[in-house]
Amino acid sequence: MPPLVLVVPCFNEAARLDGARFIEAVDRYPWLQLLFVNDGSTDNTEQVLRALQDQRATRIACLHLARNGGKAEAVRQGLLQVQVSTHEDGLCGFWDADLSAPLTELVALRETLERRPDVQWVWGIRLRALGRQVTRRPLRHYLGRLFATCSSIVLGIDSYDTQCGAKLFRNSALLRTVLAEPFRSRWIFDVELLTRAQGVLAFTKQTTLEQAVYEQPLGHWEHRAGSKVRSADFVNALRELLVIRNARAHWHRACD
Ligand SMILES: Nc1nc2c(ncn2[C@@H]2O[C@H](COP(=O)(O)OP(=O)(O)O)[C@@H](O)[C@H]2O)c(=O)[nH]1
Ligand SMILES: [Mg+2]
């Protein structure tokens with residue numbers, strides 16, 4: 001069972017962070033380690049995370065960033081730290097701190113990586129369908145569908161749901177390469193990850209993005225209050241699609 005280090009970005013999460021659920025997960029899954037990235041929080045997040053770390057010091061680590069740089073950079077810093085400190089055969093990922101996706105969802109996502117050696121990344125998606133418990137606010141759901149359509153038109157990548165905060169990766173050269181530079185987008189770095197990976201894979205010619213990335217519907221997702229994302233950020237997200245499209249040529253050239 002390869003170890004899995006899960007990066008959990010936290011910006012002012014002191015009131016929302018449910019420490020007991022994280023402790024329960026590390027106790028239940030011997031392969032799981034947590035790396036919380038405190039992204040320059042101005043509330044008590046640092047103290048809350050230190051108390052959590054003290055409870056399971058060998059399984060829970062924290063990275064405290066001095067200044068708030070946004071989720072994209074916090075996740076990048078966390079995943080980069082995992083790359084230097086863990087084994088090449090290992091797994092990593094990132095997960096939203098509010099546990100909209102419960103940590104029990106890790107089992108099925110991880111199982112796909114074990115069963116499918118050809119797959120590099122397994123990304124959770126929020127597919128509303130019978131037999132699944134996916135509860136979202138209608139506005140967020142429909143904006144999400146619209147965004148996926150726009151993203152597919154602008155970038156030609158047919159992802160169903162790039163913005164779900166439940167994603168796993170292999171610790172491979174592909175991941176290290178796409179993390180090498182800071183993201184240009186603040187809101188939709190997940191789309192930028194796919195675009196960068198597309199460039200790297202086109203260069204190495206070993207596989208395609210469609211083969212390397214597997215979108216897997218979650219069994220359970222539940223809307224949590226206290227989101228820092230506003231509906232108005234939808235416009236920012238659309239603008240960033242164009243930024244990513246412009247940067248794509250630069251990135252693909254850098255891979256050549
Ligand atoms: N590092 C960092 N994380 C953030 C920031 N804003 C949000 N997050 C984290 O991103 C995750 C998802 O945030 P949330 O507000 O629930 O967004 P939503 O679920 O997409 O509505 C949580 O783990 C947050 O702590 C930020 O400025 N910096
Ligand atoms: Mg959330």
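User: How many residues of strand β1 are buried?
Analyst: This is a predicted model, in which local features need pLDDT of at least 70, side-chain atom pairs count only at pLDDT 80 or more, and totals for chains, interfaces and linings use all residues. Residues are numbered from 1 along each chain as its sequence is written, and side-chain values use heavy atoms, without hydrogens and water. Strands (E, at least two residues) and helices (H or I, at least four) are DSSP runs numbered from the N terminus, and buried means under 20% relative accessible area with a 1.4 Å probe, protein chains only. Strand β1 covers residues 4–10, and the number buried is seven of seven.

User: Which residues of β1 are buried on each side?
Analyst: Both faces of β1 are covered. One side holds L4, L6, V8 and C10, and the other holds V5, V7 and P9.

User: In β2, which residue is the bridge partner of P9?
Analyst: Two strands pair if DSSP finds at least two bridges between them. β1 and β2 (residues 32–39) are parallel and share seven bridges. In β2, P9 has as its bridge partner V37.

User: In β4, which residue is the bridge partner of V7?
Analyst: β1 also pairs with strand β4 (residues 91–95), in the parallel sense, over four bridges. In β4, the partner of V7 is F94.

User: How many disulfides does the structure hold?
Analyst: A disulfide is a pair of cysteine sulfur atoms within 2.5 Å. For C62, the nearest cysteine sulfur is that of C10, 8.2 Å away. For C150, it is that of C164, 19 Å away. The number of disulfides is zero.

How values were computed:
Chains are lettered from A and ligands numbered from 1 in the order in which they are written. Buried means under 20% relative accessible area, exposed over 50%, partly exposed in between (1.4 Å probe, protein chains only).
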